[in-house]
Amino acid sequence: MSNQTVLDIEVEVTVKDGDSSTQRGVLLESLAKRVLVALQHDYVNTSVRVTGCELDIIATDRQTGARVVVECKAYRDRTISADVLTKMLGNLVVHDFQSAWLITTARLGKDASGIVSNMQAKSIDKRQILRVYEPKELVELLVSIGQIKDPNQLELSDALQTLPNRTLLITDIGEFWAVSAIGQKSGVADTVIVLEARSGQQVTNPALVQQLSERDSNLRELRWISGEGEFAAVGALADASLKQELDNIASVPVADDWSDYRPARPEDFVGRDDLLKNIIGFFDEITTHKTSTRLLAIKAPSGWGKSSFLIKLRATCTLPKFRERVFLYAVDCRTASSPRYPELALKRCLDEAIKDGFISGDENACRVASAGRPFSDSSVQAILQQLREQNKVIVLFFDQFEEITTKQELSDLFIQIKMLCAAIESASENIVLGFSWKTDGSIPTDHPAYHVWHSFSDRRREFELPLFSRRDTSQLLTRLSKELKQPIEPGLRRLLSEHCQGYPWLLKKLCVHVFRVLQTQPARQRELLERALDVEALFRKDLADIDSVQIACLEKIAKDSPADHFKIAEQFGDPTIDALMQRRLVIRNAGKLVLYWDIFRDFVLSKQIPAIPTRYMPVSPPATAKRILESLSTTGQLSTLATKLGLENGTLDNVARDLVMMGVCQYDRKKKRLSLVHTSQRETLLAASRFFASHALLRKLVDQFGRGFRGVSLATVERTLACEFASQDYTKKTVHALTIRLIAWLQAFGIVSVDGANYMSHEVNQPLPLDFSKLRIGLRRSRGNKLFMGEAPPSRVLEVLTRLQAVGYSPKPTDRNPLYVLLSLRLISSTVKPLLIEKPPKGAETAWLASKVVAQHSVRVARDLIRNDQYVGALEIGEALESLAHRGVSEASKRRYGSGVLVWVNWLHDLTTGESISPL
């Protein structure tokens, strides 16, 4: 080995499987203690407890008497942060040390390097305060005191094509030099030879080499050899295996045509224009040195088009104005077959950049040492220099990243990914790593992928794919019309737009269904309009005419996804696989088989389609819909309904569409007839209630304010929901109208309640209306009854409440005020013919009534006044209520209203504490 070769020095503390990080630290501390002793330090102690912390090592310089504190960091997959240095310097000052040393197997991060540079710029006496031994400096120190042999002087066989990496292994059985050799075919490290660190002699004992290879070093995935003869056999085999794996790395697959379910061709892609611009802008920030971030993620739930977006992004990078600045290579992680995948993907990416002419160099000439040290070889260094000088950036994207989390044999892959991320981030070169991540999946917290993903959450730029806007949906439907070579009828276009609700996968599924139907039967457009499109039926149709063997094959591929093609063919035969591929239910990519969508895969395994939170906004008020539902028992003909109810045809059509979307009606537009899906009113109301209970906008409110939230102002509700509407699709006025209408529907089913002061509460565990007459509709609050005023005491209200539940209740004149209370609580529809909208749970009427009263705005105001001032009386409460209601009442009325509310506040207080509040 020439002494002129610039070596890349690494230090690793390796332990056996099952050993803790503490044992790793003990080994490094033991080495550091030997160094201190060799440098004539006395009183060397480890794990010293001082006030507020524990120090790794303290020692005293024998010559000067200076006290030294030493921090040891045995990291291997992250850099040293600035906090480590500032803490060390703090301990130095607080505990009266004269010097602080850092001995680390990891390199300094950017901020930590800045601190060291600042210290080195100071005077000599201040520079001595902090000493940092990174891997290179630590090795030089060990060489100078005779602990190890200079790595430049190691004698290596000319038969080995070694990389310029030298890794000092610190183990419980001694120190060793590990040298990796590269395969001529693969271009990545494939074998390791081991030498005694002190003598530099190669370790030829197979048992010892095997023992070292099983420790958790960054070289663990390579083949460890104990002699040159073994290298000839093992090295060639490893090289051939890695070359095959390298060749099997596959880019993200692309659809053959518009109706193919695979990721869309760039020309078929619609929408997400702003997101494309933002990501391209991020790449520009890198080349112009405006950001140090080198990691990014594209996030979205299943079926939202992450892979299609990647293909579009890749195509955008090839446009004339970008192709000289950005090269993007996207790989399909489902083709991964070993933990070496990350570094192999990086080599493939660099090779493709050379092959494409983006950078100059010999094809397949770049050499990647490892995931943790990807830039150590001179061939890669030359590429990095080109990128810097020419202001270019190379992006390696890992698509379907989370899809391999189920493969136990690939669990170490995520550790390699973590090391690659750390290396790319630390180098801060013009190389970027990107990941697509499915946000609706779940990964156990003890899985390596979970820690990899979250450990870099604050160090990556994240971009979230939005739902399709109305404009995006319209563009895709226009594309469908173009493919069909015929216009889509406005009714069908509207139906598809409403059914998809902005979900890209759902729109694509519906459009492909329509495309296939109308390709052969163009006249069936009107037939498709007759009823709600059944998405589950479309998935069942995929399985309808395949035999049992093919279904078993699908289930096996779904279970093992990504499944090995050879193993599946061995079990089910190539003809079965070919048949499924011809039907486009199965996709083959680089020796792996997957189902055409992960959503379809879930359906094959569970026989259920994913839950689709509805985003459809009804255009009709619930009162009109109720009138039509009540009339459908006698007639469904729209002309008859129009005459009977006095409604316009347009209004009827709007209500019909709403009821179809709720899943309670079928609408035959050709015959202009509307019919109920369910046989009973209860089943109809149950279906509609499920529709609104699962509404995406209600979920948004629950996510923000909590399940069972109380007293949220309608203005706040509107602001929250406004964020869910695309600003280019809806005006502020429209958003207000949509919000009010949705709340009216939620009120109708008792899912929410709104008090007189326009505060909304989420009602949980409410009984469903049993028939149409029980819908909570048409109860607009009059100006004179906006606030709960407590016109009758709790005992009288509970008495009337009990009688209301009995059959044949008829109000007495003395019931007037209790009924006013129940009306203000929105528990009855009228004081003339009172019917309970909501029945209290048997035996818990008092607590139930209290839960309704405590949410009233007037009660909250009174309680707040009393809480802040114990001398508040009925008049003060009445004046506060007047400021809310603006009724212009007399002082006597204020006192009466205040006294009435105070009685209820006193009752509530007594229920919870047993102590009453006396009115003043």
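Is aspartate 268 buried or exposed, and what is its relative accessibility? In this predicted model, aspartate 268 has a relative accessibility of 5% and therefore counts as buried, since the cut-off for buried is under 20%.

## A buried salt bridge and its network

The side chain of aspartate 268 meets that of arginine 479 in a salt bridge, with 2.8 Å from N to O. This pair links distant parts of the chain, because aspartate 268 lies in the loop between H7 and helix H8 (273-287) while arginine 479 lies in helix H14 (residues 470-484), 211 residues apart. Arginine 479 also counts as buried, at 16% relative accessibility. Salt bridges that share partners join Arg265, Glu267, Asp268, Arg479 and Glu483 into one network.

Lysine 243 and aspartate 247 meet through their side chains in another salt bridge, at 2.9 Å from N to O, and both residues lie in helix H7 (residues 228-247), four residues apart, which is about one turn of the helix. In an α-helix there are 3.6 residues a turn, so residues three or four places apart point the same way. Lysine 243 is partly exposed, with a relative accessible area of 27%, and aspartate 247 is partly exposed as well, at 44%.

## The sheet and its helices

Five strands form an open sheet in the order E1-E7-E8-E9-E10, with mixed pairing, and its edge strands are E1 (8-13) and E10 (223-225). Within this sheet, strand E7 (residues 162-171) and strand E8 (residues 174-182) pair in the antiparallel sense over seven bridges, and threonine 167 stands opposite alanine 178 in E8. Helix H5 (residues 135-144) packs on the sheet, where it touches E1, E7 and E8.

Terms used. Residues are numbered from 1 along each chain as its sequence is written. This is a predicted model: local features need pLDDT of at least 70, side-chain atom pairs count only at pLDDT 80 or more; totals for chains, interfaces and linings use all residues. Side-chain values use heavy atoms; hydrogens and water are left out. Two strands pair if DSSP finds at least two bridges between them. Helices (H or I, at least four residues) and strands (E, at least two) are DSSP runs, numbered from the N terminus. Contact means heavy atoms within 4.5 Å. Axes are lines fitted to C-alpha atoms, for helices over the stretch in contact, and angles run from 0 to 180 degrees between N-to-C directions. A salt bridge is a side-chain nitrogen of Lys or Arg within 4 Å of a carboxyl oxygen of Asp or Glu. Buried means under 20% relative accessible area, exposed over 50%, partly exposed in between (1.4 Å probe, protein chains only).
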